[in-house]
Amino acid sequence: MRLSHTLAGLCALLTSWNLHATTLVHNFSGYQTSEDSLEKFNTLVFDQGKVLATGDYAALSQQYPTAKTIDAGGKVMLPGLIDAHGHVLGLGRLQQQLDLRDLDLPQTLTAIEQFSHKLQSDEWLIGRGWNQVLWRGKQFPTRQQLDALDIDQPIWLRRVDGHAGWANSAALKRAGITRESRAPAGGEIIRDEHGEPSGVLVDNAMAMLERVIPQPSLQEEKAALSTAFNLALSLGLTGVHDAGIEKQTLEAYRQLAAEKAIPLRAYPMLSADDKHLPELLGAGYVGAADEKLYVRSVKVYADGALGSRGAALLQPYHDRPGEKGLLIHQKSELLSQIKLAADSKFQVNVHAIGDRANQIVLDMFHALNKEHDQKPFRHRIEHAQVLTLDDIEQFPSLNLIASMQPVHATSDKNMAGDRLGEKRLEGAYAWRKFLEQGTRIASGSDFPVEPVNPLFGLHAAVTRRDRQGQPDKGWHMEEAMTMEEALRSFTLDAAYASHQEQFIGNLEPGKFADFILLDRDIFTIDPQEIWKVQVLETWVEGEKVYARNM
């Protein structure tokens, strides 16, 4: 009996050794950023999920003569990419909903009608992605346009930025929204010339309708998160920062983590608007910096979005002089949320798009910093989209991170000038100004507002052009990033923004072996081709978790 136990134990140990044998990957062109340089390498050695070395094949093959070798076939290696601002549940759910991104109005209406045939008789038709800026006339849509489709189901379609929604009459009726209804503070019910609800609700007014939409169950949320994880991995993301989750979604994450069913690194931010926030903060951090699930931040919402004219501006909108946008919360409530999170020792990540919203948030961080040093928390401004030049200069003194989305600049380029006028564009999408003063940019996509593919973001950061190559010379190229800066913003600085740079962000010895293999070299090809580059393999902790079918 003892001998059999001994033999069984020995076999198990040998099997374990084989599973975690030192592995040497070679024959690739590798790039990674450190704190002060771009490093090139052609060989990676890892063991038990962590990097042992990067460098030259001749030296490392001699240093690790017994390592299992993998020939990468001349591909290009990068550290795993990190999206510092996305909406994971929204991405997963969108795969079962109607995606209206990049369609004109006739195409949008056709897509809605076709999608309705897939639904049960009393099922809501839910979707997102419409953008009136792309339509002829650039006018907000109306409920009458949806009603004319003769669809019985209630319809609710969020705008591409998620800060406005479009409903048909059936949906408005279910929500009890009539001409007598009044929007809550921080929201707007768009009305027609007769004072009737047009069907479009902006920012906080959306909750008036969404409260009557059946919400997903815990199991449905888990399935949606898993769908999003797999999509992210297929596009080269080994880390995602989830920008605002409720209590049930946190529970879905926790259950997936306990089931070892989170295949990448998730950094969810607790939503400051969740009524359970004090309870969740009181429970402390979830996970740790070296685990797949790490929760130690709060997402706070200051204003709306530029496209729906909900971004809070210091001066009126250039194309609507009577409006300055919306603050989601009164200043006192906003300060209370930020202070509650900071006093609980959580990082505070504030959505602020307009220059007024950014200025208010910066003033609040300065006030908190006088009471207690806030710099170690690495608080973040999510989007940091439009600021005065003076306010951009406030970031270094507070060690604030600019969490920005490069694709927003190329998506907004045809709208931003209309909304702001040319003068305010000096402080808009101003990546170069942030970088030159030493502010770290953590790049993301804001998926599903924008496509989740991080190569689209790298392309936009470098070229300031859209994927059709417009404008020819780039939009305000004085703010473009170099390829090295763009890579760092999607790797090392994104890791810094989640307090995880000791474990991920590049392939330094001791860090996790999270890396991707590409079919082309983003440093040498025509920059306009970067968005077309394909991810061939994605590895997390030395395990291949995705391979493209060739």
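## An edge strand and its partner

Glutamate 188 stands opposite valine 202 in S11. Strands S10 and S11 run antiparallel and are joined by 4 bridges. Strands here are DSSP E runs of at least two residues, helices are H or I runs of at least four, and both are numbered from the N terminus. Two strands pair if DSSP finds at least two bridges between them.

S10 and S11 belong to an open sheet of 6 strands, ordered S6-S7-S8-S9-S11-S10, with mixed pairing. Strand S6 (98-99) and strand S10 (187-191) stand at the edges with a single partner strand each, so one side of each has no neighbour in the sheet.

## Basis of the model

The model is predicted: local features need pLDDT of at least 70, side-chain atom pairs count only at pLDDT 80 or more, and totals for chains, interfaces and linings use all residues. Residues are numbered from 1 along each chain as its sequence is written, and side-chain values use heavy atoms, with hydrogens and water left out.

## A buried strand

Strand S5 (residues 81-86) has 6 of its 6 residues buried, so the rest of the structure largely encloses it. Buried means under 20% relative accessible area, exposed means over 50%, and partly exposed lies in between (1.4 Å probe, protein chains only).

S5 runs parallel to strand S12 (residues 237-245), and 4 bridges join them. Leucine 81 has leucine 237 in S12 as its bridge partner.

## A bent helix

Helix H15 (residues 406-420) bends by about 70° at aspartate 412. The bend is the angle between axes fitted to the seven residues ending there and the seven starting there. A straight helix of 15 residues would span 21 Å at 1.5 Å a residue, but H15 spans only 18 Å between its end C-alpha atoms. The expected span is 1.5 Å times one less than the number of residues. Glycine 421 follows H15, with a positive phi near 80°.

In H15, 12 of the 15 residues are buried, so the helix is largely enclosed by the rest of the structure. Among them are Pro406, His408, Asp412 and Arg419. Their cover includes strand S18 (380-383), strand S19 (401-404) and helix H17 (454-463).

## A loop asparagine

Asparagine 204 lies in the loop between strand S11 (197-203) and helix H7 (206-210). Its relative accessibility is 22%, so asparagine 204 counts as partly exposed.

Beyond neighbours within four places in sequence, asparagine 204 is in contact (heavy atoms within 4.5 Å) with Pro184, Ala185, Gly186, Gly187 and Ile328.
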